[in-house]
Amino acid sequence: MNIDRIDKEILRIIQQDAALTTAEIAEQVGLTTTPCWRRIQRMQDSGIIIKKVTLLQPEKLNLMLTVFVNVKVATHDSSWLKKFAEHTQAFEEVIEFHRLSGEFDYMLKVLVCDMQGYDHFYKRFISGIELREVTSSFAMEKIKNQTAIPLNHL
């Protein structure tokens, strides 16, 4: 799908505030409501826009500790990988889960209240699944955190 300048601006706007009405978005990009709505619908239908969510402030909900968990696994067959993916996705504390190249096979981003909360998560996470190595790094400061994806390449 071709993304023109107006589509790009619509995407930039809704990444900042998905609660805006179509009329408000249309006004900001210089369209009337109906053509703006059609553009948004087209981008939803094509899978560019996949969902609209509300972002929460973790610290306001007592989720004070961000942990990056690097995992090395001993097995790489498809049935084990499926089991591992299901096991990992079952934990609400895991907010990101990536397969990597390089030294580690997987990286998880985990949000918990405190060290005790992480210890509780860790014990549940390692039980019932064979892992070769698990290494945790604790975020000390959040320097940049955004949900908007870059659009400057379009």
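This is a predicted model: local features need pLDDT of at least 70, side-chain atom pairs count only at pLDDT 80 or more; totals for chains, interfaces and linings use all residues.

I began with helix α2, residues 22–29, where I found Ile 25, Ala 26 and Val 29 buried. Why do they sit on the same side of α2? They cover an arc of only 100° around the axis, which puts them on one side of the helix. I jotted down a reminder: an α-helix has 3.6 residues a turn, so residues three or four places apart point the same way.

Next I asked what covers the buried residues of α2. The cover includes α1 (5–16) and α3 (33–45). Just after α2, I noted that Gly 30 takes a positive phi of about 80°.

Then I turned to the cores. The largest nonpolar core has 18 residues, and Val 71, Phe 84, Leu 108, Val 110, Phe 121, Phe 125 and Leu 131 have the most contacts inside it. Which elements each supply at least two residues of this core? I listed β1 (65–72), α4 (78–89), β3 (106–112) and α5 (115–126).

I looked up Phe 125 by itself. Leaving out residues up to four places away in sequence, Phe 125 touches Val 71, Phe 84, His 87, Thr 88, Phe 91, Leu 108 and Leu 131. There is also a second, separate core of 13 residues, and Ile 6, Ile 10, Ile 13 and Ile 14 are among them.

Last, the cysteines. Cys 36 is buried, at a relative accessible area of 0%, whereas Cys 113 is partly exposed, at 34%. With sulfur atoms required to lie within 2.5 Å, I counted zero disulfides.

Key. Residues are numbered from 1 along each chain as its sequence is written. Side-chain values use heavy atoms; hydrogens and water are left out. Buried means under 20% relative accessible area, exposed over 50%, partly exposed in between (1.4 Å probe, protein chains only). A nonpolar core is a set of buried Ala, Val, Leu, Ile, Met, Phe, Trp, Tyr and Cys residues joined through side-chain atoms within 4.5 Å. Helices (H or I, at least four residues) and strands (E, at least two) are DSSP runs, numbered from the N terminus. Contact means heavy atoms within 4.5 Å. The arc is that of the directions from the helix axis to the C-beta atoms.
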